Amino acid sequence: MKPKTIEETKTFTQMVARKQGWVLTADSALYEDLVQGLNTNWNRYGYYLCPCRDTEGSKEADRDVVCPCDYAKADIAEYGHCYCSLYWSESFAKSGKAPQGIPERRPYK
């Protein structure tokens, strides 16, 4: 597995946002932290595990929380942003609202 650079991870997040019709968080410090977490997780585990969640120990067990996680679309539709607040809907971004904590949708394993 080839390690990813921060720039490659940023490109990944930009591609996901564009493909899904989302925008990236407006909080640049949070964005940098989340990208660093994604990058660390890629280089540690070999996949972009959500930086806000713990690993279950394997890619198969973590499949639902590989970025963008299986819960992102529902979270963005309901709250305007995903669980870790990396991805926002365009309307949420334009609203000027600040992200709030949202309930965890991932079932306990």
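Predicted model: local features only at pLDDT ≥ 70, side-chain atom pairs only at ≥ 80, totals over all residues.
Within H1, the residues Thr-9, Lys-10, Phe-12, Thr-13, Val-16 and Ala-17 are buried. When the helix is viewed down its axis, these buried residues fall within an arc of 155°, and they therefore line one face of H1. The face turned away from this buried side carries Glu-7, Arg-18 and Lys-19, which are exposed. The cover over the buried residues of H1 includes strand E1, formed by residues 22-24, together with helix H2 (28-45) and strand E2 (87-89). Just after the end of H1, the backbone at Gly-21 adopts a positive phi of about 80°.

The largest nonpolar core of the model contains 24 residues, and among these Trp-22, Cys-67, Cys-82, Leu-86 and Tyr-87 touch the most other members. The largest share comes from H2, which supplies five residues. For Trp-22, when neighbours within four places in sequence are left aside, contacts are found with Val-16 and Ala-17, with Pro-68, Ala-72, Lys-73 and Ile-76, and with Tyr-87 and Trp-88. Two of these partners, Val-16 and Ala-17, belong to the buried residues of H1, and another, Tyr-87, is itself listed with Trp-22 among the core residues that touch the most other members.

Helix H2 also holds Asn-41. The relative accessible area of Asn-41 is 8%, and because this lies under the 20% limit, the residue is classed as buried. Once neighbours within four places in sequence are left aside, Asn-41 is in contact with Gly-46, Tyr-47, Leu-49, Cys-50 and Pro-51.

A search of the whole structure finds one cavity of 30 Å³ or more, and the volume of the largest cavity is about 80 Å³. Its lining is made up of 13 residues, of which Cys-50, Cys-67, Cys-69, Cys-82 and Cys-84 lie nearest the centre of the cavity. Among these cysteines, Cys-50 is also a contact of Asn-41, while Cys-67 and Cys-82 are among the members of the largest nonpolar core that touch the most others.

Methods:
Residues numbered from 1 in each chain as written. Heavy atoms only, no water. Buried < 20%, exposed > 50% of the residue type's maximum accessible area, 1.4 Å probe, protein only. Helix = DSSP H or I, 4+ residues; strand = E, 2+ residues; numbered from the N terminus. Arc of directions from axis to C-beta. Contact = heavy atoms within 4.5 Å. Core = buried A, V, L, I, M, F, W, Y, C linked by side-chain atoms within 4.5 Å. 1 Å grid on protein atoms, 1.4 Å probe; cavity = no way out; pocket = protein on both sides within 12 Å on 5 of 7 lines; lining within 4 Å. Points joined across faces, edges and corners; volume = space filled by probe spheres on them.
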